[in-house]
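Visitor: I am new to reading protein structures, and I would like to go through one slowly with you. Could you show me the sequence and the structure before I begin to ask?

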Amino acid sequence: MKLLSPRLHGYIDYAIVSLLVAAPLALRFEPAPAAVCYSTALAHFIVSLLSDHPLGAARKIPFAVHGALELSFGVGLLASPWMFRFSAEGPTRTFFVATGILLVLVVMTTRYVAGVLSRPEPYDRYDR
């Protein structure tokens, strides 16, 4: 079931970026997990700004491609504790796994409408 409209998905995107930026300071991450958080936040922010959805600024990336990229961010966050060797750090590992699962769930529950902004209708039509 697709519950999230493109507009709501955009709000969630920017909230996740904020979470990824704040977590290293709030949870006192070591350098490796902090770098993963900051680089993922930057990549996700750029993709969100460039995506063709109501909260995108440049609208160069089709929204479905945005979803595929976001899915890769989620899987990357899930795998990063083991890829970057900080899986022994319980709270840090838990944060990355939970955030990765959150991103995957957002992708799975979003309505990806082809050509969201290429049509002349207002966004509200897609926000139902």
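**A walk through the chain**

Guide: Leaving aside neighbours within four places in sequence, Leu103 is in contact with Ile16, His44, Glu70, Phe73, Gly74 and Leu77. Please keep in mind that this is a predicted model.

Visitor: Is Leu103 buried or exposed?
Guide: Leu103 lies in helix H4. A residue counts as buried when its relative accessible area is under 20%. Because Leu103 has a relative accessibility of 0%, it counts as buried.

Visitor: What distance separates the C-alpha atoms of Leu103 and Phe73?
Guide: Phe73 is among the residues in contact with Leu103. These two residues are 30 residues apart along the chain, and their C-alpha atoms are separated by 7.5 Å.

Visitor: Which elements does the protein chain contain, and in what order do they run from the N terminus on?
Guide: The protein chain has four helices and zero strands.

Visitor: How far apart are the end C-alpha atoms of helix H1, and what span should its residues give?
Guide: Helix H1 covers residues 6-26, which makes 21 residues, and at 1.5 Å a residue they should span 30 Å. The expected span is taken as 1.5 Å times one less than the number of residues.

Visitor: Which helices do the buried residues of H1 pack against?
Guide: The buried residues of H1 include His9, Asp13, Ile16, Val17 and Leu20. Ile16 is also one of the residues in contact with Leu103, and Leu103 lies in helix H4. Taken together, the buried residues of H1 pack against H2, H3 and helix H4.

Visitor: With which side chain does the side chain of Ser51 make a polar contact?
Guide: Ser51 lies in the loop between H2 and helix H3, and at 0% relative accessibility it counts as buried. Leaving aside neighbours within four places in sequence, its contacts are Gly56, Arg59, Ile61 and His66. The polar contact, at 2.7 Å, joins the side chain of Ser51 to the side chain of His66.

Visitor: Which residues form the nonpolar patch on the surface?
Guide: One member is Leu42, which lies in helix H2 and is exposed, because its relative accessible area is 52%. The patch has about 330 Å² of accessible area together, and it is formed by Leu42, Phe45, Ile46 and Leu50.

Methods:
Residues numbered from 1 in each chain as written. Predicted model: local features only at pLDDT ≥ 70, side-chain atom pairs only at ≥ 80, totals over all residues. Heavy atoms only, no water. Patch = residues over 30% accessible without salt bridge, like charges linked within 9 Å, V, L, I, M, F, W, Y side chains within 5 Å. Areas by Shrake-Rupley, 256 points an atom, 1.4 Å probe, with all protein chains shown as cover. Salt bridge = Lys/Arg side-chain N within 4 Å of Asp/Glu carboxyl O. Helix = DSSP H or I, 4+ residues; strand = E, 2+ residues; numbered from the N terminus. Buried < 20%, exposed > 50% of the residue type's maximum accessible area, 1.4 Å probe, protein only. Polar contact = N/O pair within 3.5 Å; in protein donor to acceptor, adjacent residues only side chain to side chain. Contact = heavy atoms within 4.5 Å.
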